[in-house]
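Some labels attached to a structural model deserve a check.

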Amino acid sequence: MQLPYAATARPDTGVTNGKLGTWLFLASEVMLFGALFATYIILRVGATHWPHGAELLNVPLATINTAVLITSSVTMVMAWASCAQRSLGRFRLYMGLTILLGAVFLVIKYFEYAAKIHHHLYPRTNTFLAIYFTLTGLHAFHVFGGMVLNAYFWGPGVRLWRENPEWFTHRVEHAGLFWHFVDLVWIFLFPTLYLL
Amino acid sequence: MDEHALDIKKHVRIYITVFVALLALTLITVAVSYLHLPKVPAIALALLIATVKGSLVACYFMHLISERKLIFIVLIFTGIFFTGLLLLPYFTEMDVVGR
């Protein structure tokens, strides 16, 4: 199967169709998270009392999770660089690490959620927790989605490497764009929910 | 191919530098939160640091530093609509329609 302009840039746009599609998808994602950030601002400005994130949330765990996600972004970009250098072995190593770090993030997130439930802190408890669970929950779904995508390229998707390594490299780059976007969202969620 | 490989090696060095900068900025933003600054400077500083971190990720990991014009056109429109979304709370507070 050969899709048009999958492995080479389209002359009029200057990019592959896949890259343009990925960026358009990310634009829609910006609107999704943007709407929820706007909701957060409305709830916070309208509230008579708003807790400091650290009163209810675990800042050290979230700091570790921030470092985990940043590290996973580096391993993701190294996975792409390994493809560009035509080293499948190193690609598999870095992509495997990226998937593993995604799993570490979700496990830490699970412990955070479990502690909240244990202390009877639910989304219905107050508006802060409602928006906290909504934003971090949606973000966690994105981490999981990114892991599924990355696992595909790590596993069965590799067959494209043997047929068309150039195309495969582009697809890994696009998966990377999504993964870095998820990291970028967390970079804003972390101070907004935990530190302010 | 050799030139290409050299280019990638240069990229890798940049990725490591960005990685260290991102970790340092994370520690700084957490440290600043323990200073318990007044609300407005605290929010401004936290968002400034987050914006710098976000820009580093977008420019270097997402390769925006060397991206084509069309992607920037998409992003300009995204930026306009995103700003509109974030202005909605302001319009709500000011009640510009109901007044």
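What follows is a set of questions and answers on a predicted model.

Q: What makes up the secondary structure of chain A?
A: Chain A comes to seven helices and zero strands. Read along the sequence, the pattern is α-α-α-α-α-α-α. The C-alpha trace of chain A spans about 60 × 35 × 20 Å along its principal axes.

Q: What makes up the secondary structure of chain B?
A: Chain B has three helices and zero strands, and from the N terminus on its elements run α-α-α.

Q: Why is Trp23(A) called buried?
A: The cut-off for buried is 20 or more other C-beta atoms within 10 Å. Trp23(A) has 22 C-beta neighbours inside 10 Å and therefore counts as buried. Trp23(A) sits in helix H1 of chain A. Leaving out residues up to four places away in sequence, Trp23(A) touches Ile71(B) and Val74(B).

Q: Why is His36(B) called exposed?
A: His36(B) has 9, so His36(B) is exposed. His36(B) lies in the loop between helix H1 (2-33) and helix H2 (39-61) of chain B. From His36(B) to Leu23(B) the C-alpha distance is 21 Å, at a sequence separation of 13 residues.

Q: What share of each chain counts as buried?
A: In chain A, 39% of the 196 residues count as buried. In chain B, buried residues make up 16% of the 99 residues.

Q: How do you know that the span of H1(A) is close to the expected one?
A: The expected span is 1.5 Å times one less than the number of residues. H1(A) has 30 residues, for which 44 Å is expected, and reaches 44 Å from its first C-alpha to its last.

Q: Which residues of H1(A) are buried, and what do they pack against?
A: The buried residues are Lys19(A), Leu20(A), Thr22(A), Trp23(A), Leu26(A), Phe33(A), Phe37(A) and Tyr40(A). They pack against H5 and H7 of chain A together with helix H3 (69-94) of chain B.

Q: What is the span of H2(B), and which of its residues are buried?
A: H2(B) has 23 residues and reaches 32 Å, close to the 33 Å expected at 1.5 Å a residue. Its buried residues include Ala46(B), Ala50(B), Lys53(B) and Tyr60(B). Just after H2(B), His63(B) takes a positive phi of about 60 degrees.

Q: Why are H4(A) and H5(A) called roughly antiparallel?
A: Angles over 145 degrees count as roughly antiparallel. The axes of helix H4 (residues 88-118) of chain A and helix H5 (residues 127-154) of chain A come within 10 Å and cross at roughly 155 degrees. H4(A) and H5(A) are therefore roughly antiparallel to each other. H4(A) passes H5(A) in a left-handed crossing. Among the residues making the contact are Met95(A), Ile99(A) and Leu106(A) of H4(A) and Val143(A), Phe144(A) and Met147(A) of H5(A). By class, this contact of H4(A) with H5(A) has twelve nonpolar, six polar and two charged residues.

Q: What makes H3(A) roughly antiparallel to H7(A)?
A: The axes of H3(A) and H7(A) come within 9 Å and cross at roughly 165 degrees. That makes H3(A) roughly antiparallel to H7(A), since the cut-off is an angle over 145 degrees. H3(A) passes H7(A) in a left-handed crossing. The contact includes Leu69(A), Met76(A) and Trp80(A) of H3(A), as well as Val172(A), Trp179(A) and Trp186(A) of H7(A). Its residues divide into 16 nonpolar, five polar and two charged.

Q: How many residues does each chain bring to the contact between chain A and chain B, and which helices of chain A supply them?
A: The contact takes 37 residues from chain A and 36 residues from chain B. Helix H1 (17-46), helix H3 (59-84) and helix H7 (165-195) of chain A each supply at least two residues of the side that touches chain B. The largest share of that side, 13 residues, comes from H1(A). By class, the side of chain A that touches chain B has 28 nonpolar, eight polar and one charged.

Conventions: Residues numbered from 1 in each chain as written. Chains lettered and ligands numbered in written order. Predicted model: local features only at pLDDT ≥ 70, side-chain atom pairs only at ≥ 80, totals over all residues. Axes fitted to C-alpha atoms, helices over the stretch in contact; angles between N-to-C directions. Helix = DSSP H or I, 4+ residues; strand = E, 2+ residues; numbered from the N terminus. Parallel < 35°, antiparallel > 145°, perpendicular 65-115°, else oblique. Left-handed = near helix turned anticlockwise from the far one by under 90°. Contact = placed C-beta atoms within 7 Å. Nonpolar A, V, L, I, M, F, W, Y, C, P; charged D, E, K, R; others polar. Buried ≥ 20, exposed ≤ 12 C-beta atoms within 10 Å, placed from the backbone.
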